[in-house]
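Let's take a walk through a protein model together, one piece at a time.

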Amino acid sequence: MQFHHHGYVSADPRVLPAAGVGLDRPEDLPEEVDVLIIGAGPAGVIAAAQLAQFPGITTRLVERRPDRLPLGQADGVQARSVETFAAFGFYEQITAEAYRIMEMAFWEPDPHHPEDIVRTSRPRDDDRGISEFPHLVVNQARVLDYFLEAAANGPARLRPDYGWELTDLAVGGADESHPVTVTLRGAGPHEGAERTVRARYVVGCDGAHSAVRDAIGCVPVGDKSNHAWGVLDVLAVTDFPDVRTKCAIRSHDGGNVLLIPREGGFLVRWYVDLGVVPDDDDGAIRRTPLAEIVARANAIIHPYTLDVRDVPWHSVYEVGHRVTDRFDDVPLDQVGTREPHVFITGDACHTHSAKAGQGMNVSMQDGWNIAWKLGHVLSGLAPQSLLSTYSAERQVVARNLIDFDRQWSTLMATKPEDLPDPGYLAEYYVRSSEFAFGFMTHYAPSSIVGDAEHQHLATGFPIGKRFKSAVVERVCDANRVHLGHHHRADGRWRVYAFADSPAAGEPSALADWAAWLASDPTSPLLRHTPPGADPGSVLDVKVVYQQDHTQMDNVVGVPGVFLPRTGPFGLIDYERVYATDPRDDVFEARGIDRGGVVVVVRPDQYVAAVLPLTARAELTAFFAGALLPARAPQTVGAAESAAPATAR
């Protein structure tokens, strides 16, 4: 973490100085806003935390609850989400209170005594080294708390407006600058009140029964499964030996349990198979008594017993698999003719079972995806057309999620004798772990994802997939660090220059590239940095040398573009120069060509382009398609406060 560059900091450095709209944020909802977020669920709070980094943007988050969520229904946190927590600055804190999944046990009917279950395997959670981040279980309410804290600590000082429920939304009208009109009804302390807010953009994060979705005419497409599950969080006494291990349990009569230990050492979540739902059920399955669910769990885990002492929460649900036809307000027959102003995220646009542990996780990535794009457009950094990439990118992810969840749910509900072999379920779990960990997202080429012409130069950084971090050495202080862990959710693009073989100070392709980037009129660094802003305010440029740090004379000879001046005192930022760790060569680990490579990474940590150091025109052209040229001061107004906070 870097601080002191704006002066001495003696308090919590995670609390950034208030700026822009954060200096005098009104308590009451204003009549006009730039972005109105509806719903403080996972997608809503991450969108708020990201937009809080843009203090020139007026963002408000409304939630119909009267206060924070006391008890969340989602609990599984995949490694990609934990990586996201690191980007927002609270990975260490939330990991300390979470349950960490180390392995998953699979239980099947005993071949000799089918009425009993026996453990058949327990594969490690990440034997393949998919991520350096863990797989956690933590109450959704705590996840929301941490994101809301990040939003409140951002320069825009963004906090939820509780007690407001959307009743109407309309797009269009006389006010072209704020084309979305939202009507809100008060609840709790605002009971009986009504408020109209005009917004440039609205982000609907209001759940499976989304009023935003209905208002813009998005249609859920899919089916409802005929299988029901009871889910309960319990404090219990049991002789089942794996009660503190994630388990998939399948009994001889086809009944199944998915068992997930919770944080705190005692609480456990049980997903209990309630069987096929008759066509004429008319919702009766959802009224299944708690005692019946507990009895079913005991029957499935025989010969072990479950003595439930307390149930903080339980529910019954039927599996549904649906994705809306679009994720914004532009009708399908008008795509390409106008830009969207209303977006939906999370359960508002995709629903599925909870057993794959994907709901909260995918929703958060929805929220991050649209939030950084709104930040760029409203700050004048990017064209409005950037917003059309949200639906195009995230709808594909949702469809893949539904396909995966349908397969996993079907396997969980399949009788053991109907599978190819007893170990099939465990093998599928291991085989599909990259998806379950959140790393299968692969965005198609667009204005913010380049083509794969030069992919062979960095095979370990697939274009369109998330940037897979690697260990390097920081030259200035010899610290061994993860390169990607310094990619914070501050709205900036990252440009990683992997050097050709000569050392710093010697003639090289890297030195030529650095000189061009620092001084040529076509340089994207010069074209897209706002006047008066720090050099790294939009493009954070870093270098990784092939030598280890002991072969370098600290930063002597390193081109100045990698040692930018920052803050009001013009201090040198030394933390953008890295060397190769001889114990874990990043060039070998990520298939990086030793002739030198540039890797461009989006603000949400997805690889956008891979280019040789000589492809300067291509780098300029890529950013010309993704960003607008920096505006002159007289056309910006409060340009300094409109850009991400790191620009100051």
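Which feature does UniProt place at residues 441–629? The unreviewed entry there gives "domain: Phenol hydroxylase-like C-terminal dimerisation"; UniProt positions follow the numbering used here, feature names are shortened, and annotations may be inferred rather than shown by experiment. This is a predicted model, where local features need pLDDT of at least 70 and side-chain atom pairs count only at pLDDT 80 or more, while totals for chains, interfaces and linings use all residues. Residues are numbered from 1 along each chain as its sequence is written, and side-chain values use heavy atoms, with hydrogens and water left out.

Over residues 441–629, the chain is 16% helix and 20% strand, and the end C-alpha atoms sit 30 Å apart. Helices (H or I, at least four residues) and strands (E, at least two) are DSSP runs, numbered from the N terminus.

Now look for the open sheet, built from seven strands in the order 20-19-25-22-21-26-27, with mixed pairing. Two strands pair if DSSP finds at least two bridges between them. At the edges you'll find strand 20 (480–482) and strand 27 (607–612), each pairing on one side only. From one strand to the next, the twist averages 30°. Zoom in on strand 19 (residues 471–474): with strand 20 it pairs in the antiparallel sense over three bridges. V471 has H482 in strand 20 as its bridge partner.

On to the helices. Two packed helices are described by the angle between their axes and the distance between the axes. Axes are lines fitted to C-alpha atoms, for helices over the stretch in contact, and angles run from 0 to 180 degrees between N-to-C directions.

Take helix 11 (residues 509–519) and helix 14 (residues 616–626): they pack at an angle of about 40°, with axes 11 Å apart. That makes helix 11 oblique to helix 14 (under 35 degrees counts as roughly parallel, over 145 as roughly antiparallel, 65 to 115 as roughly perpendicular, and the rest as oblique). The contact (heavy atoms within 4.5 Å) is made by D512, W513 and W516 of helix 11 with R616, L619 and T620 of helix 14.

Finally, find helix 1 (residues 42–51) and helix 4 (residues 140–153), whose axes come within 8 Å and cross at roughly 20°. So helix 1 is roughly parallel to helix 4. Helix 1 brings P42, V45, I46, A48 and A49 to the contact, and helix 4 brings Q140, L144, F147, L148, A150 and A151.
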